Amino acid sequence: MQETVFIADEAAMEHVGAVLLEAMQQRGVVHLQGDLGMGKTTLSRGLLRAAGHQGAVKSPTYTLVEPYDVAQGTIYHFDLYRLLDPEELEYLGIRDYFTEDSLALIEWPDKGQGLLPEPDLELFLTPQDEGRALRWQAHSEHGAVAAEKLQLKLGC
C-alpha cells in the first residue's frame with residue numbers, strides 16, 4: 001500500500017508525527033527518506049511531543065542516535081547522515097536498539113544498509129509547491145496496519 005498526502009507547513013508536519021506515533025502503536029521501525037530540509041526531524045519532533053517528551057528535539061547528526069524514554073517505552077531517533085561506513089553501527093551496538101517494545105525513527109537509512117532491520121513503514125518526503133508531499137509504503141504486517149491508520153487519520 002502506498003499513499004500520498006500534502007503537508008503545508010511545520011505545524012502540519014508535527015501533526016503527521018503525532019498521527020504516526022498512534023499508527024505505529026509506539027513500536028517498530030520507521031525509515032524517514034528525504035533530502036536535507038524536508039522535515040524529517042520536524043516530523044520526529046511531533047511524534048516525540050505526542051509521546052509526552054517535553055524537552056528539545058534536535059537531529060542527532062553527530063551522535064547518530066538519541067534515545068527518548070517516554071511513558072510507553074523508548075523511542076530512538078537515528079540520523080545517519082554523517083555515517084561514513086555502515087560498520088560504525090556495530091560499535092553502537094545497533095542490534096540492541098530494535099526491541100519489541102521500542103520505536104526507531106531512522107533518518108538516512110540507506111547509510112546503514114546491510115545492518116539495519118527492514119522497516120515496518122517507510123516514509124518519503126519531497127518538495128511540493130510551498131510544502132511537502134509525504135508518501136509511505138508498508139514493508140510488514142505491522143506497517144500495513146499503520147499505513148491504513150495513516151490513510152484514515154490524514155484523510156487520503
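Ring pairs link Tyr76, Phe78, Tyr97 and Phe98 into a cluster. The model is predicted; local features require pLDDT of at least 70, side-chain atom pairs count only at pLDDT 80 or more, and totals for chains, interfaces and linings use all residues. Residues are numbered from 1 along each chain as its sequence is written, and side-chain values use heavy atoms, with hydrogens and water left out.

A pair of aromatic rings is described by the distance of the centres and the angle of the planes. Rings of Phe, Tyr and Trp (its six-membered ring) were paired if their centres lie within 6.5 Å. Planes under 30 degrees apart count as stacked, over 60 as edge-to-face and the rest as tilted. The count by this rule is five aromatic pairs. One of them joins Phe78 and Tyr97: the ring centres are 5.3 Å apart and the planes stand at 80 degrees, so this pair is edge-to-face. Phe78 belongs to strand β4 (residues 73-79), while Tyr97 is in the loop between α3 (88-91) and β5 (102-107), so the pair ties together parts 19 residues apart in sequence. Helices (H or I, at least four residues) and strands (E, at least two) are DSSP runs, numbered from the N terminus.

Burial was assigned from relative accessible area: buried means under 20%, exposed over 50%, and partly exposed in between (1.4 Å probe, protein chains only). Phe78 is buried, at 0%. Tyr97 is also buried, at 16%. Phe78 forms an aromatic pair with Phe98 as well; this pair is stacked, with 5.8 Å from centre to centre and 15 degrees between the planes. Phe98 lies in the loop between α3 and β5 and Phe78 in strand β4, so the contact ties together parts 20 residues apart in sequence. Phe98 is partly exposed, with a relative accessible area of 21%.

Glu100 is placed in that loop between α3 and β5 too. Its relative accessibility is 71%, and Glu100 counts as exposed. Glu100 and Arg27 are 73 residues apart in sequence, yet their C-alpha atoms are 6.8 Å apart in space. Gln26 lies in the loop between α1 (10-24) and β2 (28-33). Phi of Gln26 is near 50 degrees, a positive value in a residue other than glycine. Gln26 is buried, at 9% relative accessibility.

The criterion is NZ of Lys or CZ of Arg within 6 Å of the ring centre and within 35 degrees of the ring normal. The charged end of Lys111 sits over the ring of Tyr81, 5.5 Å from its centre. Arg135 lies over the face of Phe124, at 4.1 Å from the ring centre.

Strand pairing was then examined. Two strands pair if DSSP finds at least two bridges between them. Strands β2 and β6 pair in the parallel sense, over four bridges. In this pairing, Val30 stands opposite Leu121 in β6. Strands β6 and β7 pair in the antiparallel sense, over eight bridges. Pro127 stands opposite Arg132 in β7. β6 and β7 form a hairpin with two residues between them. Asp129 lies in the loop between β6 (121-128) and β7 (131-138). In the turn, Asp129 has a positive phi of about 50 degrees. Asp129 is exposed, at 70% relative accessibility.

Helix α4 (residues 141-154) has 14 residues. The expected span is 1.5 Å times one less than the number of residues. For α4 this gives 20 Å, and the end C-alpha atoms are 20 Å apart, which agrees. The buried residues of α4 are His142, Gly143, Ala146, Ala147, Leu150 and Leu154. Seen down the helix axis, these residues fall within an arc of 135 degrees, so they line one face of α4. The arc is that of the directions from the helix axis to the C-beta atoms. An α-helix has 3.6 residues a turn, so residues three or four places apart point the same way. Glu141 and Leu152, on the other side of α4, are exposed.

At the start, a side-chain oxygen of Ser140 reaches to within 3.4 Å of the backbone nitrogen of His142. Gly155 follows α4 and has a positive phi, near 70 degrees.

Methods:
Polar contact = N/O pair within 3.5 Å; in protein donor to acceptor, adjacent residues only side chain to side chain.
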